[in-house]
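Subject: Handover of a model, with notes

Dear colleague,

I am passing on the structure below, and I would be grateful if you could read the notes with the coordinates open beside them.

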Amino acid sequence: MTKFQISLFIIIIISAIVNGANILILSGVPSPSHSIWLRPLMNGLAKRGHNVTVVSPDIEKNPPRNVTYVHLENIYDEMYNTSTRQMLNFFEMHKSPMPMLRLLDEFTIICCKAGIRSKGFKQLMSYPDNFKFDLFMSDYMFGPCFASLLMYRFGNPPYIPVAPYNALATSSPLIGSYAYSGSIPNHSYDVPEAMNFWQRLHNWFYDLYEIILKDVYLYPESDVILRQVFPNAPTTKDLQSSIRLLFINNNPVIQYKEPQMPNVIPVGGMQIQKAKPLPDDLERIVSRAKNGFILFSLGSNARSDTLGPDRIQEILTAMKALPQYQFIWKFESDESKLPMKVPDNVFIRAWMPQNDLLAHPNIKLFITHSGLLSTQEAIWNGVPIIGFPLFADQFRNINYCVSVGAAKKLMVQYLQAKDLIDAIKDILGTRSYSDNMKRLSRLFRDQPESPLERAIWWVEWVLRNPDSEMLQPSAVNVHWFKKYMYDVVLFVLISVIFMACVILTIINKMLPLLHQNVKVKQS
């Protein structure tokens, strides 16, 4: 008996003895931040006695009790191979939302094709034919393709899509959410919430482009792959009919206010944990900083060491010009690769305990890529921000913080040392930035229960009521052309044009007669 067969046997036996449910979670996006956001929920469900099977490219070497990982071992390899990596130039994605919107869909198909070649997928296919999961959860930013494969393989269990994202319009194919083009910027469009006419026109086009792209590319391509593996499977859209709820990483206090469907459960900040003590060397450095310290991190995708020598030099020059502050920079390469000597007031390390540093009483400012998790952690801890947005939702995250006076925005693509120096001096010399962020923090924390507790309660609600579809809105079954009333608008437009043509025709026929009558009278 192999180690895998023994583990599977134990899961089956345990599930038969205790009341815990068998829960399958797909955390497929090859980005550590996605797994970081979902991990507290995985572990929280396991603590409640549920047997949690996690399918992911990111695994824990020593998972907690009741958590079993199935490794999609080749997804990161696919992401970082030459052809795919050329698509992921994070420093060029700010120019237009359209390439980003298409890339998001293309990337899910690339990952799905890689996923079905993985050892992890073969392991899942080797489960007994009659093995069932009581609930399926999936990071829906990984797309419908791989999720549909798992749903069909395990008998289409009740489904909760989840996402460490705050743009509800992205869930439109799943639960019928609306894109409010007149008031909410597209999640990849860098404009303020108060858009002018031309920005609203562009925004409407980007929203429509994203919707059509799902219909003409993402779902048809997903269906092709699904039928290659399971020839008798229904369409991916049909498989999604088992959706019960949707968890999304938002909170109206700290972002654009967006109407949501009744089955959307906001769990913004679910990843935020109680701060732990810092490593001794870091604690010594930040505690001794007389004027406080500034944390600089660009997250897990756009690494600081990929900025290029010119940008790195501008950043280090700015840091050197502010010797009164201690800088802590998450920089992923050796110092020998830097274009200049690291200033004495700069500490560099490849990994930083970000949440623990943001919770430290001596922190003054966070320089960030404006990723959602980083932004939420800064708000939770009341730390003002300088944002370097690069792609996707990072624009809306920093634009919102700027609009409430808690942040400043710079474009790292065109960064000059003076710009960064001026921004740091402005924020640290103007008390309102800190006050506004602390106010946001107070409002964000003031909740009846933690986001994690809320998520666990609703998961168990679905387990108690697996056949309930009462919260699923009817809009999910209405084609987008009807949902947005384009058919009615088209009918009215055609009617107006038809009536105008009729009126013009009548006028054209009447004019000669009138002209003739005038001539007769005159004669």
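This is a predicted model: local features need pLDDT of at least 70, side-chain atom pairs count only at pLDDT 80 or more; totals for chains, interfaces and linings use all residues.

Residues are numbered from 1 along each chain as its sequence is written, and side-chain values use heavy atoms, with hydrogens and water left out.

The whole chain

The chain has 20 helices and 13 strands, where helices (H or I, at least four residues) and strands (E, at least two) are DSSP runs numbered from the N terminus. Taken along the principal axes, its C-alpha atoms fill a box of roughly 110 × 65 × 50 Å. Of the 523 residues, 53% count as buried; buried here means under 20% relative accessible area, exposed means over 50%, and partly exposed is in between, with a 1.4 Å probe and protein chains only. The accessible surface of the chain comes to about 24300 Å², and 58% of that surface belongs to carbon and sulfur atoms; the areas come from the Shrake-Rupley method with a 1.4 Å probe, and for residues only the protein chains shown count as cover. Among contacts (heavy atoms within 4.5 Å) between residues at least 6 apart in sequence, 68% join residues at least 24 apart.

The unreviewed UniProt entry carries the annotation "transmembrane region" for residues 6–29 and 488–507; UniProt positions are given in the numbering used here, feature names are shortened, and annotations may be inferred rather than shown by experiment. In the model, the span 488–507 is 100% helix and 0% strand, and its end C-alpha atoms lie 28 Å apart.

The second largest pocket

About 610 Å³ of space lies in the second largest pocket. Of the 28 residues that line this pocket, Ser172, Pro173, Leu174, Lys237 and Val476 are the closest to its centre. A pocket is, on a 1 Å grid over the protein atoms alone, an open set of points where a 1.4 Å probe fits, with protein on both sides within 12 Å along at least five of seven lines, and lining residues have an atom within 4 Å of a point. Grid points are joined across faces, edges and corners, and the volume is the space filled by probe spheres set on the points.

Helix 8 (172–175), helix 9 (197–229), helix 10 (236–239) and helix 19 (480–483) each supply at least two residues of this lining, and the largest share, 5 residues, comes from helix 9. By type, the lining divides into 12 nonpolar, 8 polar and 8 charged residues, with Ala, Val, Leu, Ile, Met, Phe, Trp, Tyr, Cys and Pro counted as nonpolar, Asp, Glu, Lys and Arg as charged, and the others, Gly among them, as polar.

Residues in loops

Ser31 is found in the loop between strand 1 (22–26) and helix 2 (32–47) and is buried, with a relative accessible area of 4%. Leaving aside neighbours within four places in sequence, Ser31 is in contact with Asp58, Tyr76, Ser300 and Asn301.

Met141, in the loop between strand 4 (135–139) and helix 7 (144–153), is also buried, at 18% relative accessible area. Beyond residues up to four places away in sequence, Met141 touches Val29, His34, Thr108, Ala163 and Tyr165.

Ser370 lies in the loop between strand 11 (363–368) and helix 14 (372–380), and its relative accessible area of 1% makes it buried. Its contacts, with neighbours within four places left aside, include Gly387, Phe388 and Pro389.

Ala392, in the loop between strand 12 (385–387) and helix 15 (394–403), has a phi near 55°, a positive value in a residue other than glycine, and is buried at 5% relative accessible area. Met485, in the loop between helix 19 and helix 20 (486–522), has a positive phi of about 65° although it is not a glycine, and is partly exposed, with a relative accessible area of 43%.

Finally, Asp467 lies in the loop between helix 18 (451–464) and helix 19 and counts as exposed, at 65% relative accessibility. The C-alpha atoms of Asp467 and Arg431, 36 residues apart along the chain, are separated by 53 Å.

With best wishes
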